[in-house]
Amino acid sequence: MRDAAIAESPWVRWLLIAIAVGFLALFLLLPLLAVFAQALSRGLGPYLSTFADADTQSAIRLTLLVAAIAVPLNLVFGIAAAWAIAKFSFPGKSLLVSLIDLPFSVSPVVSGLVYVLLFGAKGVLGPLMSDWDFKIIFAVPGIVLATVFVTFPFIARELIPLMQEQGSAEEEAALTLGASGLRTFLTVTLPNVRWALLYGVLLCNARAMGEFGAVSVVSGHIRGVTNTMPLHVEILYNEYDFVAAFAVASLLAGLALVTLVGKSVLEWRHGDELAAVRRH
Amino acid sequence: MSVAALVAPRAVFVKPSPLPGFGLTFGFALTYLSLIVLIPLAVLVWRASGLGLDGIWRVATEPRVLAALRTSFVTAALAALANAVFGVVVAWVLSRYSFPGRRLLDAVVDLPFALPTAVAGIALAALYAPNGWIGSLLAPFDIRIAYTPAGIFVALVFIGLPFVVRTVQPVLEDLDREVEEASATLGASRGQTVRRVVLPLLAPAILTGVALAFARAVGEYGSVIFIAGNMPFRSEIAPLLIVMRLEEFDYTGASAIATIMLAISFASLLAINALQAVSRRRLGHA
């Protein structure tokens, strides 16, 4: 009975499992369940009619638009940063890596605030913006900027450690065999990091579509114009239109569930190709 | 004489490599980082520095600001402590035991990372309101959670849990079980082994996870404002005060509070890095 010496007695084990399951059920699963229960509390009719509303539809469209701009931007940045950091050595590299993680340690509200200070009516570039008649704050460009800021590190931080671990021997071989730099990247590097890339995009997208604090500061909450889905949830909730608020929220919760499933599938099937980045 | 020797030696920024594209990718990454992150943050600090240190101090010690900062930091610290206990139990159960539904539970831990904060906020408010599923159970005992600081605590526990679990779990999985066997062979009871051998090895990871959860909780906004009630001096958090200053177009006041919060975040970030260095040294690997 070698194992018995380093295992807890059965009742301790079941007690710990019960605490863990109970805690996760109470703090994580119950809120998730509450979203769907509240959304459907008056039946399917009122639930569905929320999505017929023009403001709800425009919030959904805006959220999709913002994610469709922010995610590709951060994808290109993530790939460029990972290439420079993982394949070359230069002074200040670790500083650069910490700076990339910076947005994670900034409050979402502050992430929005910095752009108001830059482009707002009383901001540094405010007069310039009004001369050019170009609105960033209380308009879609500001929402995109704030979203790019909060989702900035997601893809880079998945790629950097993995590409560092993989080294550059395969790329050097491809170049020796006469491949161009771009071809080497597309046929050697990209296939090696594709799952980590997808993993990063998944997390980046979830945050981009769900961001609230940063977007709330720069949006101005103009219904049908600068309202994203999370902001629309807030407006409906504050108007005591709970069914509609939870109906829109249920769509976002569905997105979270899809993200979790996709993330888990990637971890189970391609865990080794995500390497060191599997756990945050 | 070789060609290399004929070329005057010059200082190079990047070590020579056969791979192309350094200039392009490094230049792009640095420009993008500067435009999106560094310059905007610098503007914030510059704006607040216009107040001078004593000006920032004056804003920080306004009674309402002080109360909000205290609420933010105290509830974040309490939530991080709660997560230290339950996060370690969850990580332990997920990495050590097999039971039906374990994989599902493992996936569920990341829910707070994936669920938009506003959704979490209204869901928690609905649950803990006096007429909600949990609130109505507590109401007969005169316990109120929603619209009190306890509500902020609940939201911050929700937000912070995955940070502790996901930092402790991999360390626990990599832990060499032979150490525990040695301890058992030498006559330690299971409880002694866990307390005196396993927990000290986990300590750096637990501290790191707690620091991460704390840092996130201090700045949290979306999940808190719906359940907090937002009463000045009682359940008002610092990020909300920034939003209110902005709505009054008091950019300087907002920047001052934001700078104070940034300074504290960076301090905790430095603490996290120091902790990770300690843990690497102790465990002998990255």
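1. Over all chains the count comes to 17 salt bridges, a salt bridge being a side-chain nitrogen of Lys or Arg within 4 Å of a carboxyl oxygen of Asp or Glu. One pair joins two chains, because Glu8(A) lies in the segment before α1 of chain A while Arg190(B) belongs to helix α11 (residues 190–219) of chain B. The side chains of Glu8(A) and Arg190(B) meet at 2.7 Å, N to O, and the count between chain A and chain B is two salt bridges.

2. On the basis of these values: this is a predicted model, in which local features need pLDDT of at least 70 and side-chain atom pairs count only at pLDDT 80 or more, whereas totals for chains, interfaces and linings use all residues. Residues are numbered from 1 along each chain as its sequence is written, chains are lettered from A and ligands numbered from 1 in the order in which they are written, and side-chain values use heavy atoms, with hydrogens and water left out.

3. Chain A has 13 helices and zero strands, where helices (H or I, at least four residues) and strands (E, at least two) are DSSP runs numbered from the N terminus. The C-alpha trace of chain A spans about 70 × 60 × 30 Å along its principal axes.

4. At the interface, 94 residues of chain A are in contact (heavy atoms within 4.5 Å) with 92 residues of chain B. The two chains bury about 8300 Å² between them, 80% of it on carbon and sulfur atoms; buried area here is the accessible area (1.4 Å probe) that two parts lose on being put together, summed over both.

5. Ten residue pairs are in polar contact across the interface of chain A and chain B, with both residues at pLDDT 80 or more; a polar contact is a pair of N or O atoms within 3.5 Å, where within protein one must be able to donate a hydrogen and the other to accept it, and residues adjacent in sequence count only if both atoms are side-chain atoms. Helix α1 (residues 10–39) of chain A gives the largest share of the side that touches chain B, 21 residues. That side of chain A divides into 68 nonpolar, 15 polar and eleven charged residues, with Ala, Val, Leu, Ile, Met, Phe, Trp, Tyr, Cys and Pro counted as nonpolar, Asp, Glu, Lys and Arg as charged, and the others, Gly among them, as polar.
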